[in-house]
Amino acid sequence: MRPRFIITATIAIVGVAGVSHSCVALATSSIGLSIIKKILIGGITSGVSTFQNKEAFMSNSLIDQAMPSQLRSINSTLTSLGLSNLVNKEKEYIAEAAAFTSKFAEPILINGVNSLTTDDAARIAQGGSGIASQILREKTESQLVAALAPEVDKKLNEFGIVKTINTALKGNNILGSLLGQNNNSTSASMLSSLASQQLVNGMFALITNYEKQNTDVLTNALKK
């Protein structure tokens with residue numbers, strides 16, 4: 001138990017905003033950098049676990065909040081047309097895509113953690129809770145989008161949900177209006193793109209939440 005307390009206390013020091021030069025030095029040391037990485041890895045593990053559990057994914061409020069506004073508008077329109085069952089199916093299939101694509105996301109995120117530098121650690125020490133996840137996002141977001149988008153597109157088309165939604169909204173050109181697109185194939189691919197963005201947003205929301213939860217607990221422990 002003793003070593004664990006020492007590590008957590010050190011993490012708390014790293015996570016406090018407006019820290020002293022000594023804390024920056026601690027963060028940029030090999031030990032400090034290792035601790036920062038450990039927190040982020042914990043967040044990734046927690047996020048991947050949620051993605052791999054369909055029920056946990058669908059019921060998670062952070063993931064729901066991560067839904068792009070355009071996809072939310074599409075779902076609201078479908079619901080107003082009496083097609084709430086189709087919205088439920090869409091969410092279910094996005095959850096299936098999340099479970100499938102988590103195996104592509106995890107190594108990219110871990111590589112991003114392992115690429116953290118002492119300069120990154122200094123930013124984290126001075127930036128406060130959530131900055132570590134923000135830096136990880138800066139390092140990996142474009143890679144995640146590139147890796148996940150085609151896989152999400154394949155998965156959603158495998159289930160047929162993209163075509164079904166496109167057909168459901170086609171009559172009044174609602175989909176094209178919402179997405180600013182007139183071409184059906186472009187609109188269909190945009191739906192997959194929006195789903196992919198929700199996965200990326202959701203994953204970082206979960207990682208950030210994990211980081212903040214740990215920082216708060218450890219910071220309070222130091223005040224005792």
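This is a predicted model: local features need pLDDT of at least 70, side-chain atom pairs count only at pLDDT 80 or more; totals for chains, interfaces and linings use all residues.
**Exercise 1.** Determine how helix α6 is placed against helix α10, and which residues make the contact.

*Solution.* Begin with the geometry: helix α6, residues 69-80, and helix α10, residues 161-170, pack at an angle of about 60 degrees, and their axes are 11 Å apart. Because of that angle, α6 counts as oblique to α10. Next comes the sense of the crossing, which for α6 and α10 is left-handed. Turning to the residues, α6 contributes I74, T77 and L78 to the contact, while I165, A168 and L169 come from α10. Sorted by class, the contact of α6 with α10 contains five nonpolar residues, one polar residue and no charged residues.

**Exercise 2.** Describe the packing of α6 with α7, and divide the residues of the contact by class.

*Solution.* The angle between α6 and α7 is about 145 degrees, with the axes 7 Å apart. On the α6 side the residues are L71, N75, L78 and T79, and these meet S84, L86, V87, E90, K91 and I94 in α7. The division by class gives five nonpolar, three polar and two charged residues for the contact of α6 with α7.

**Exercise 3.** Carry out the corresponding analysis for α8 and α9.

*Solution.* Helix α8 spans residues 118-127 and helix α9 spans residues 131-159; they pack at an angle of about 145 degrees, with axes 8 Å apart. From α8, the contact draws on D120, R123, I124 and G127, and from α9 on I131, A132, Q134, I135, E138 and K139. Of the residues in the contact of α8 with α9, four are nonpolar, two are polar and four are charged.

**Exercise 4.** Characterise the second largest cavity by its volume, its lining and the helices that supply that lining.

*Solution.* The first step is to count: the structure has two cavities of 30 Å³ or more. The second largest cavity has a volume of about 60 Å³. Its lining consists of L71, E90, I94, L156, I161, V162, I165, L191 and A195. The next step assigns the lining to helices, and here α7 (84-114), α10 and α12 (184-223) each supply at least two residues. The largest share, three residues, comes from α10. By class, the lining of the second largest cavity has eight nonpolar residues, no polar residues and one charged residue.

Definitions and conventions:
Residues are numbered from 1 along each chain as its sequence is written. Side-chain values use heavy atoms; hydrogens and water are left out. Axes are lines fitted to C-alpha atoms, for helices over the stretch in contact, and angles run from 0 to 180 degrees between N-to-C directions. Helices (H or I, at least four residues) and strands (E, at least two) are DSSP runs, numbered from the N terminus. Angles under 35 degrees count as roughly parallel, over 145 as roughly antiparallel, 65 to 115 as roughly perpendicular and the rest as oblique. A crossing is left-handed if the near helix is turned anticlockwise from the far one by less than a right angle, and right-handed if clockwise. Contact means heavy atoms within 4.5 Å. Ala, Val, Leu, Ile, Met, Phe, Trp, Tyr, Cys and Pro count as nonpolar, Asp, Glu, Lys and Arg as charged, and the others, Gly among them, as polar. On a 1 Å grid over the protein atoms alone, a cavity is a set of points where a 1.4 Å probe fits but cannot get out, and a pocket is an open set with protein on both sides within 12 Å along at least five of seven lines; lining residues have an atom within 4 Å of a point. Grid points are joined across faces, edges and corners, and a volume is the space filled by probe spheres set on the points.
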